[in-house]
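Me: I would like to learn how to read a strand and its salt bridges in a model. Can we work through one case?

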Amino acid sequence: MDLIPADALSFWRDHVLHDMHQRLQPWIVESDENDDSGNVLFHSLVSGYYYLIHIAEFKGRRVAGYGAGLLIGIDKDDDLSALLVNPLTGENTELPRLPEHFHGRFTYGFATDPDMTGENQVVVVLYNRPTTTQEAPSKVALWRHGDTAGWATMPSSEAFWMRMPQLRGRLLTHGPQVVEGEEAAAAAANGYDHRRDMGDGWLPGMQGKYVIEHEGHVRVLVRLEQPEIAGDVPEGRPRPVRPGDPLPRLSFELRNTLAADGEAIDWADAPELHDKIIFQSQGDSCYVLPESDHFVGVRKNFIYFFSWQRQEVAVGDDGGAASGGNPFEYFLCKWDMIGCVATVVRKLPGVWMGHKPGRWFLPTFKY
């Protein structure tokens, strides 16, 4: 594994990249929700290098979310204390203290990128989920960058995710108190019951559903993976794959609702996603980017994602299997929105663990 430590990355940043407003190639961040060392590992598909960046401010904090070239860190001892950091520049912002509702729950989140939403400010979105019907209703909190007025907190439901652009726009225009008051009044009028939403998969990434927000529209991307039929493969094991191989049992659907029985819509009926590149990763909302010569090796009208797949186990001279004999490896794959077929792109180098999924990260010097 080719690894560039933080000091080499600083030299590369300071002496190679002169345009401080340039968006870099997509990276993959190794996500370990239990790591509070302050070390964050990134992989560049273009250079092939891993970048191990130590973020001193993240010592004792876990990475709880990504977006807009930023990381969200939450203190492991004080779970209402959170920080926003750009890992390339070291610039950081202490977030207002989280609402008391988030105490004792595992909190996730993301930051929205102004380039992708058409807004002029970064907005942080945090959410969690009750594990039983006896717990208090799950909520979502929004904060606009630089706002000292704190968070707008509201019930986390399908209605929130499908209205996210409008709610965020009102947050930027009117502030958190107005938005929170409006949503509280609407929830009371509609008789909101969090138990009704339990298990419906309305959080990003739950039950294979991912929110795609772009140009004011919200769609739901559903990832479908059918298991191999034991009789179709030798010894009941999945077939090994190589770059270029199709993945016939893996597909995606586009929907306009998070409902479990929602109907798929045709890609032709989502014009805001035409000629775009979509990056999908576990547990996050999707990145949607226009086609650009700047993004090497990725093409428009494709979804790029990660998948564990079986590969042929290499056998060494001593007869032992390479990679500890583990036949499953982590692959970058793509889904053709027009041709409706998934294909293996390449195997990701290094050692990827099942509890450390890869997630897309778009580094930037802008924020």
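Reply: Strands (E, at least two residues) and helices (H or I, at least four) are DSSP runs numbered from the N terminus. This is a predicted model, in which local features need pLDDT of at least 70 and side-chain atom pairs pLDDT 80 or more, while totals for chains, interfaces and linings use all residues. Residues are numbered from 1 along each chain as its sequence is written, and side-chain values use heavy atoms, leaving out hydrogens and water.

Me: Which strands pair with β17?

Reply: Strands pair if DSSP finds at least two bridges between them. Strand β18 (residues 287–290) is antiparallel to β17, with 4 bridges, and Pro290 is the bridge partner of Lys276. Strand β19 (residues 302–310) runs parallel to β17, with 3 bridges; there Ile303 partners Ile278.

Me: What does the side chain of Lys276 meet in a salt bridge?

Reply: Side chains of opposite charge can pair when their charged atoms come close. A salt bridge is a side-chain nitrogen of Lys or Arg within 4 Å of a carboxyl oxygen of Asp or Glu. Lys276 meets Glu215 in one (3.7 Å, N to O). Glu215 lies in the loop between β13 (209–214) and β14 (217–225), so the pair ties together parts that are 61 residues apart in sequence.
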